[in-house]
Structures are given as C-alpha cells and as structure tokens.
Amino acid sequence: MSRVSTDLLIDRTGSLSPDDSKTHLRFPFRLDRECANLHIEFDYSPKLLEDEERARDLLDAAFELYVEPARRAAARANAERYLPLANLVTVSVDDPNRYRGACHRQDPMQRLRLSAVEATPGLLPGRIEEGEWTLTLSVHAIVTESCSYRLKAWATGEGDE
C-alpha cells in the first residue's frame, strides 16, 4: 500500500524592521531523501504603510538621496504616484547544486512549488534531491515600523507504508 508522505522542513516566523531593508535572510535545511515536490509558503504583513505623513517623509528622504537636485522639485510634485508605500520581501531557492530561481512578486502571500517537471513561475523545475537546500528572503524594503513573516517549506512524495 502506498501513501503520500509529507516532511516539514522549515516553519519559521519572525519580525522585520526598516533596519532589515537591503539585507538577506538565509534559511538552510536538509532534505534527507529525494522527493516529488517541494512546497513553500511565505506570508508577510502589513503590506502597505498606511501613515501618509510617514510615507511622504520617507519619499522626501529618498528624493534627497536618489534624485538629481535639478529634478527634486518635479519628483516632490509627483510624489502622489508613489503612494501608498509598500514593504517588499521576496523568496529565492537554491538546491544542493544550483540556484533554482527567485519569485520577485509584490504579493505578500506566496504559494510556490517545485517538481521535476514543473515549477511556479520564477523557479526552475528539476529533481528535488537529497542534500542541503537554502531558502533566502531578500528584504528589499520595510517601510512600516515592523513587518511580521512566516516561512514554511515541506516536501511531498510517494513512499512505502
């Protein structure tokens, strides 16, 4: 008789702050057997900075850093088009031998899957082999005071009972 086995590999929660912007958090895990599928769920919140005054202050600081002085007045006049400001955290995957892709999505709730023959867009299909894997959270921007996340990964495949 056969059954579908499920191996929980990662179930992590945490909190990010603006100081975490432009950093990477790596979550290595060991897969003890070849599997048919690797599933990844990643959620973070809040997505949007609701405080418009704070958002405008952040935009003003960004204009000072990144916009040429002669263009700053125009940037400030069009600041509305950048609102609301949003947190952005993305996921990438490495298997024991190679980079398997990245999901640079704006969606704060992501459901990703890898198998030998198919994968969620942004990821590369291929064997889900035994060995050291790594999930990386790229913290592009945290604009809220804090941002909580949950990262979960599990493997499924046919096993013998």
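Predicted model: local features only at pLDDT ≥ 70, side-chain atom pairs only at ≥ 80, totals over all residues.
Residues are numbered from 1 along each chain as its sequence is written, and side-chain values use heavy atoms, with hydrogens and water left out.

A salt bridge was taken as a side-chain nitrogen of Lys or Arg within 4 Å of a carboxyl oxygen of Asp or Glu. Under this criterion, 17 salt bridges were counted. One of them pairs Arg 33 with Asp 7, with 2.7 Å between the closest N and O atoms. Arg 33 is in the loop between strand S2 (23–31) and strand S3 (37–45), and Asp 7 is in strand S1 (residues 2–16), so this pair ties together parts that are 26 residues apart in sequence. Strands (E, at least two residues) and helices (H or I, at least four) are DSSP runs, numbered from the N terminus. Relative accessible area was classed as buried under 20%, exposed over 50% and partly exposed in between (1.4 Å probe, protein chains only). Arg 33 is partly exposed, at 26% relative accessibility, and Asp 7 is partly exposed at 26%.

A salt bridge between Arg 56 and Glu 52 has its closest N and O atoms 3.1 Å apart. Both residues belong to helix H1 (residues 52–66), where they are four residues apart and thus separated by about one helical turn. Arg 56 is partly exposed at 33% relative accessibility, and Glu 52 is partly exposed with a relative accessible area of 44%.

Glu 118 and Arg 113 also form a salt bridge, their closest N and O atoms lying 3.1 Å apart. The relative accessible area of Glu 118 is 41%, which places this residue in the partly exposed class; Arg 113 is partly exposed as well, at 26%.

With a disulfide defined as a pair of cysteine sulfur atoms within 2.5 Å, the structure holds zero disulfides. For Cys 103, the closest cysteine sulfur is that of Cys 147, at 17 Å, which is too far for a bond. Cys 103 is buried, with a relative accessible area of 0%. Cys 147 is likewise in no disulfide, the nearest cysteine sulfur being that of Cys 103, and Cys 147 is buried at 0% relative accessible area.
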